[in-house]
Amino acid sequence: MTACLFDLDGVLTPTAVIHNKAWTAMFDEFLKAKGQPEFDPVHDYNDYVDGKPREVGVRDFLASRGISLPEGTPDDPPEAETIWGLGNRKNARVLELLAEGGLEPYPTSVTYLQRAREAGLRTAVVSSSANTLQVVTSTGIDRYLETRVDGVTIRERGLKGKPAPDTFLEAARELGVEPANAAVFEDALAGVAAGRAGGFYVVGVDRVGGKHAADLARDGADTVVADLGELL
Ligand SMILES: O=P(O)(O)OC[C@H]1O[C@@H](O)[C@H](O)[C@@H](O)[C@@H]1O
């Protein structure tokens with residue numbers, strides 16, 4: 001292995017919790033108005049939303065409830081009842097939670113990043129989130145990451161988001177490494193599937209418990225850990 005490709009939310013930083021809270025609040029309000037049962041922050045989040053680009057998460061979850069909305073456009077206001085409007089509604093909540101401050105990366109993930117760089121391994125962050133730059137710079141982990149493929153890159157370059165392998169392949173290409181020589185670190189089912197589809201070695205990170213570790217292995221993880229500290 002000569003390179004490590006890290007997912008961000010839930011692998012390097014605890015921001016999966018922020019995304020989950022924002023999705024739950026947004027969908028619960030929307031579903032209540034439609035007389036539908038609440039959003040399940042474990043099963044609905046893991047199965048339909050986690051790891052995917054924002055608008056894909058909205059679309060896939062609504063489809064699971066038999067709801068279809070007009071696509072709209074990326075600059076739809078949060079009030080718009082469109083796929084992008086709902087995504088922007090959720091992002092407004094994410095930005096509020098990020099603005100509260102106090103976000104720290106997982107300490108063991110920072111140690112892992114430091115050791116990887118000391119060992120001469122190439123590094124990238126590969127996330128579906130369009131908020132990646134803000135999170136990696138505000139937590140200071142950008143200094144360990146050589147390149148970034150994220151929600152902004154996906155839109156700019158017209159890449160397919162996870163579970164397609166394209167974002168990991170793009171990062172590997174930027175680093176000049178072959179997939180067979182790179183490891184992917186992922187906590188989302190869509191993310192391990194993307195790593196597997198790209199031909200990478202896949203480390204699943206289970207911070208959820210229950211059947212999530214088994215689901216990560218089923219969808220593409222070669223090994224599953226509860227924290228990167230286990231690999232040090
Ligand atoms: O809405 P953003 O910040 O662009 O993020 C898109 C997705 O990014 C992923 O990393 C998260 O797992 C998802 O929960 C999130 O929805």
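Two strands count as paired here if DSSP finds at least two bridges between them. Helices (H or I, at least four residues) and strands (E, at least two) are DSSP runs, numbered from the N terminus. With that settled, let us walk through this predicted model, in which local features need pLDDT of at least 70, side-chain atom pairs count only at pLDDT 80 or more, and totals for chains, interfaces and linings use all residues. Residues are numbered from 1 along each chain as its sequence is written.

| Strand paired with β1 | Sense and bridges | A bridge pair |
|---|---|---|
| β4 | parallel, four bridges | C4 with A183 |

Both faces of β1 are covered, with A3 and L5 buried on one side and C4 and F6 buried on the other. Buried means that 20 or more other C-beta atoms lie within 10 Å of the residue's own; exposed means 12 or fewer, partly exposed is in between, and C-beta atoms are placed from the backbone.

**The nonpolar cores**

A nonpolar core is a set of buried Ala, Val, Leu, Ile, Met, Phe, Trp, Tyr and Cys residues joined through C-beta atoms within 7 Å. The largest has 41 residues, and those with the most contacts inside it are L5, F6, V126, F168, A172, V184 and F185. Among the elements giving two or more residues to this core are β1 (3-6), β2 (122-126), β4 (182-186) and α9 (189-198). The biggest contribution to this core comes from α9, with five residues. Apart from this core lies another, of 15 residues, among them Y45, V49, F61 and V94.

Contact means that the C-beta atoms of two residues, placed from the backbone, lie within 7 Å. Leaving aside neighbours within four places in sequence, F6 is in contact with V11, L12, V125, V126 and F185.

**Two domains**

The chain is divided into domain 1 (3-14 + 104-231) and domain 2 (16-99), with bounds that come from an automatic or database domain assignment. Their centres, taken over C-alpha atoms, are separated by 23 Å. The contact between them takes 18 residues from domain 1 and 13 residues from domain 2. On the domain 1 side, α7 (151-157) and α9 each supply at least two residues, and α9 gives the most, with three residues.

**The ligand shell**

Around the ligand there are 18 residues, the closest being D9, H19, R54, S129 and A130; a residue is near a molecule if its C-beta atom, placed from the backbone, lies within 6 Å of it. Because domain 1 and domain 2 both give residues to this shell, the ligand lies between them. Helices α1 (15-33), α3 (54-64) and α4 (83-99) each supply at least two residues of the shell. By class, the shell holds six nonpolar, nine polar and three charged residues. Here Ala, Val, Leu, Ile, Met, Phe, Trp, Tyr, Cys and Pro count as nonpolar, Asp, Glu, Lys and Arg as charged, and the others, Gly among them, as polar.

**Two loop residues**

N131 is in the loop between β2 and α6. This residue counts as buried because N131 has 22 C-beta neighbours inside 10 Å. Not counting residues up to four places away in sequence, N131 touches V94 and L98. P163 is in the loop between α7 and α8, and a cis peptide bond joins K162 and P163, with omega about 15 degrees.
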